[in-house]
Amino acid sequence: MSNERVLIAGAGPVGLAAAANLVRRGVPVTVLEAGAGLSEESRASTFHPPTLDMLHTLGAAQPLIAQGLKAPQFQYRNKAHGLLAQFDFGAIADATQHPYRVQCEQSKLTRILLDGLHHEPNFEIAFGSEVAGVTQDGAGVEVAIERNGKTERRAGRFLIGADGASSAVRHALGIEFEGFTWPDRLLVVSTPFDFHSVIPGLTAVNYVADPVRWHFLLQIPELWRIMFLVNEDGSDERVQTRGFAQSLMSTVVPGISNYDIDHITLYKVHQRVAKTFQRGRAFLVGDAAHINNPLGGMGMNGGIHDAINLTDRLAEVWHGEKPAAELDRFDKQRRGVTLEYIQKYTIQNKQNLESPGDEFRQNLQAIAADAARTRDYLMRVSMIASLARAAELG
Ligand SMILES: Cc1cc2nc3c(=O)[nH]c(=O)nc-3n(C[C@H](O)[C@H](O)[C@H](O)COP(=O)(O)OP(=O)(O)OC[C@H]3O[C@@H](n4cnc5c(N)ncnc54)[C@H](O)[C@@H]3O)c2cc1C
């Protein structure tokens, strides 16, 4: 096996987007995935317009749209006033090929990306291969892999750590994951209940503010996902019981308290950013590089933006079209924009939803009433503005 490859740790949405972009640009790739197959876990469900534009280049947008729901509008509501404001991505249709969010489980994207790569001669994937160590010199990288109870080694010219929040690559490189963990936890409850039948005018993406118990209500094909912040005492086991989930669900629509529940999942919520996204020939992307609360749906989307930013540059360096110094721009742009945009706005989104409400409501309504402010707002929440800002950073 030639060492002339890029190694990617992790076959999540970010690692496979990186692989697809490199292979498309003629760079040989080996993906090392710890799991026995692709993860089926349902975490991200919102794909933003510029992410869909990038996935279109990889041939993945159309199949994703076919398996998901198009959500051109989204709403803010609160419990006291009902609908506060509705926004429509049609107002920025000149800035994207996809003026809508797509609501679809992230596990559908990983399957689509892998199916598109399987027949490619420059692509290889090894499941059951857990990256456990990294060494490097001026010419390449070598990773230690735990596989079938034995340690194997693989060499490559570069390494991309896309191995999620507990990244072994980040640990092996000795990179700190700076930030904090919120004291409250996030409970995600999914139900086939048809909320359109009881909340007139509801869209597929709805944020419901409340100082005591906010939630958001997201539709995916065949299910709704309702996310609540849990800040009371109580063991993880207790808050994941059906009884507790039903008690939260009963706050969503007055008078409805007994839902069919498909899944109950509890998550810790963090805001952390790696101290650097690059060490020599090794890079961090996606959750390995940054994690944030899910308000605004920016974690996976930002991770796919990292993957495309990095692999566009890697392909140019690989083919000798740009000097190696081109790679330094990845950290400047993506770490910079992660700190000043993704971290800032996800924290602000959480604080807005749990604020007493009047200022947030008045501000939203003022934005919705003004076409120029609506446009700026949509450029920001769609993450198009984050890409423009990243380009300014280095
Ligand atoms: C409830 C919830 C809702 C969310 N909603 C959204 C949303 O709507 N939009 C959004 O943008 N983001 C959302 N997110 C965040 C999103 O899920 C993550 O940002 C996304 O999964 C990151 O993708 P990734 O590929 O970087 O990492 P992961 O999806 O974690 O994939 C990492 C992969 O690496 C593998 N791996 C781990 N360790 C190793 C190792 N040592 N060696 C080899 N392989 C390894 C894992 O098995 C896994 O396959 C949400 C998160 C949660 C919890």
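Thr51 is placed in helix α2, which spans residues 49-57; helices (H or I, at least four residues) and strands (E, at least two) are DSSP runs, numbered from the N terminus. The model is a predicted one, in which local features need pLDDT of at least 70 and side-chain atom pairs count only at pLDDT 80 or more, while totals for chains, interfaces and linings use all residues. Residue numbers start from 1 along each chain as its sequence is written.

Thr51 is buried, because 31 other C-beta atoms lie within 10 Å. A residue is called buried if 20 or more other C-beta atoms lie within 10 Å of its own, exposed if 12 or fewer, and partly exposed in between, with C-beta atoms placed from the backbone. When neighbours within four places in sequence are left aside, Thr51 is in contact with Asn301, Ile304 and His305; contact requires that the C-beta atoms of two residues, placed from the backbone, lie within 7 Å. Thr51 and Gly302 are separated by 251 residues in sequence, yet their C-alpha atoms are 8.4 Å apart in space. The buried residues of α2 are Pro49, Pro50, Thr51, Leu52, Met54 and Leu55. Their cover includes β3 (46-47), α3 (61-67), β7, α8 and α12 (384-393). Just after α2, Gly59 adopts a positive phi of about 75°.

The shell around the ligand consists of 35 residues, of which Gly10, Gly12, Gly164, Gly286 and Gly299 are the closest; a residue is near a molecule or strand if its C-beta atom, placed from the backbone, lies within 6 Å of it. At least two residues of this shell are supplied by each of α1 (13-24), β9 (130-136), β13 (177-191) and α8 (299-318). The largest share, four residues, comes from α8. By residue class, the shell contains 16 nonpolar, 14 polar and five charged residues. In this classification, Ala, Val, Leu, Ile, Met, Phe, Trp, Tyr, Cys and Pro count as nonpolar, Asp, Glu, Lys and Arg as charged, and the others, Gly among them, as polar.

The chain is assigned two domains, domain 1 (6-75 + 99-178 + 271-352) and domain 2 (182-268), with bounds that come from an automatic or database domain assignment. The ligand shell lies between domain 1 and domain 2, because both give residues to it. The C-alpha centres of domain 1 and domain 2 are 29 Å apart. Across the interface, 16 residues of domain 1 are in contact with 13 residues of domain 2. On the side of domain 1 that touches domain 2, two or more residues are given by each of β4 (69-71), β5 (73-78) and β7 (101-103). Strand β5 gives the most to this side, with three residues. The residues of this side of domain 1 comprise five nonpolar, nine polar and two charged.

Strand β9, which supplies residues to the ligand shell, also belongs to an open sheet of three strands in the order β9-β10-β11, with antiparallel pairing. The edge strands of this sheet are β9 and β11 (150-156), each of which pairs on one side only. From one strand to the next, the twist averages 25°; axes are lines fitted to C-alpha atoms, for helices over the stretch in contact, and angles run from 0 to 180 degrees between N-to-C directions. In general, strands of a sheet pair through backbone hydrogen bonds, either parallel or antiparallel. Two strands are taken to pair if DSSP finds at least two bridges between them. Strand β10 (residues 141-147) runs antiparallel to β11 and is joined to it by seven bridges. Within this pair, Ala144 stands opposite Arg153 in β11, and Val143 stands opposite Arg154 in β11.

Positive phi values also occur in residues other than glycine. Asn148 is found in the loop between β10 and β11, and the hairpin of these strands has two residues between them. Although Asn148 is not a glycine, its phi is positive, at about 50°. Asn148 counts as exposed because it has 7 C-beta neighbours inside 10 Å. Glu222 is placed in the loop between β15 (215-220) and β16 (223-230). The phi of Glu222 is near 75°, a positive value in a residue other than glycine. With 9 C-beta neighbours inside 10 Å, Glu222 likewise counts as exposed.
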